[in-house]
Amino acid sequence: MTEVVAALIWDQGKFMICQRPAHKARGLLWEFVGGKVEPSETKEQALIRECQEELAITLDVGEIFMDVIHKYPDLTVHLTLFNASIQTGIPQKLEHNDIQWIAVNEIDQYAFCPADEEILTRLKLSTK
Ligand SMILES: Nc1nc2c([nH]c(=O)n2[C@H]2C[C@H](O)[C@@H](COP(=O)(O)OP(=O)(O)OP(=O)(O)O)O2)c(=O)[nH]1
Ligand SMILES: [Mg+2]
């Protein structure tokens with residue numbers, strides 16, 4: 001099982017999504033910024049490091065919003081999504097193909113990683 005952490009970041013009624021680079025697994029699908037946890041770090045530390053590496057922002061990491069397990073043909077991920085906010089910096093596309101801030105009613109316009117489906121369903125329900 002691969003431990004993956006990601007960030008749910010809200011600003012003015014919209015949350016941030018990032019489009020994965022074409023050359024990586026799940027290429028061009030949309031995701032919550034994040035990545036794999038290294039053995040020496042906590043999930044929170046991993047999330048802060050990934051956001052610095054991928055977007056050049058420093059996060060304030062809050063509570064866990066939700067976690068899911070998903071089996072891909074190449075790996076099984078345990079994805080933990082944290083509520084977070086940007087402490088410093090403006091997101092830069094250091095790695096991603098694109099970055100968008102979207103409202104819950106725009107979710108269906110984007111093709112997300114399959115592991116994110118349950119999370120997106122919950123986000124849609126939470127605003128009804
Ligand atoms: N960051 C992130 N990864 C996700 C999400 N949903 C999902 O299925 N994944 C999968 C895609 C990848 O196969 C796996 C690990 O994410 P990643 O590719 O961002 O890992 P990383 O930044 O550490 O990159 P690398 O060092 O492995 O190249 O988790 C998500 O919402 N955010
Ligand atoms: Mg990543």
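Is A56 buried, partly exposed or exposed, given the other C-beta atoms within 10 Å? A56 is partly exposed, because 14 other C-beta atoms lie within 10 Å; the class is buried at 20 or more such atoms, exposed at 12 or fewer, and partly exposed in between, with C-beta atoms placed from the backbone.

1. Basis of the model. This is a predicted model, in which local features need pLDDT of at least 70, side-chain atom pairs count only at pLDDT 80 or more, and totals for chains, interfaces and linings use all residues. Residues are numbered from 1 along each chain as its sequence is written, while chains are lettered from A and ligands numbered from 1 in the order in which they are written.

2. Fold and dimensions. The protein has two helices and seven strands, arranged along the sequence as β-β-β-β-α-β-β-β-α. Elements are DSSP runs numbered from the N terminus: helices are H or I with at least four residues, strands are E with at least two. The radius of gyration is 14 Å, close to the 14 Å of the globule rule for 128 residues, so the protein is as compact as a globular protein of that length. That radius is taken over C-alpha atoms, and the rule is 2.2 Å times the number of residues to the power 0.38. Along the principal axes, the C-alpha atoms fill a box of roughly 40 × 35 × 30 Å.

3. Buried residues make up 27% of the 128 residues. Of the contacts with a separation of 6 or more, 63% join residues 24 or more positions apart; a contact requires C-beta atoms, placed from the backbone, within 7 Å.

4. Nonpolar core. The largest nonpolar core holds 28 residues, and A7 and L47 have the most contacts inside it. Such a core is a set of buried Ala, Val, Leu, Ile, Met, Phe, Trp, Tyr and Cys residues joined through C-beta atoms within 7 Å. Two or more residues come from each of β1, β2 (14-19), α1 (43-55), β5 (58-71) and β6, and β1 supplies the largest share, six residues. Beyond its neighbours within four places in sequence, A7 is in contact with F32, V33, G34, L47, C51, L59, F82 and A84.

5. Shell around ligand 1. Ligand 1 is surrounded by 17 residues, the closest being E31, G34, G35, C113 and A115; a residue is near if its C-beta atom, placed from the backbone, lies within 6 Å of the molecule. The elements giving two or more residues are β1 (2-11), β4 (34-36) and β6 (76-88), and β4 gives the most, with three. The shell comprises eight nonpolar, three polar and six charged residues. Here Ala, Val, Leu, Ile, Met, Phe, Trp, Tyr, Cys and Pro count as nonpolar, Asp, Glu, Lys and Arg as charged, and the others, Gly among them, as polar.

6. Backbone angles to check. Most residues other than glycine have a negative phi. Phi is positive, near 60°, at A56, which is found in the loop between α1 and β5. Q12 has a positive phi near 50° and is placed in the loop between β1 and β2; Q12 counts as exposed because it has 6 C-beta neighbours inside 10 Å.

7. Position of N97. N97 is in the loop between β6 and β7 (98-102). N97 and P21 are 76 residues apart in sequence, yet their C-alpha atoms are 5.1 Å apart in space.

Key
Two residues are in contact if their C-beta atoms, placed from the backbone, lie within 7 Å.
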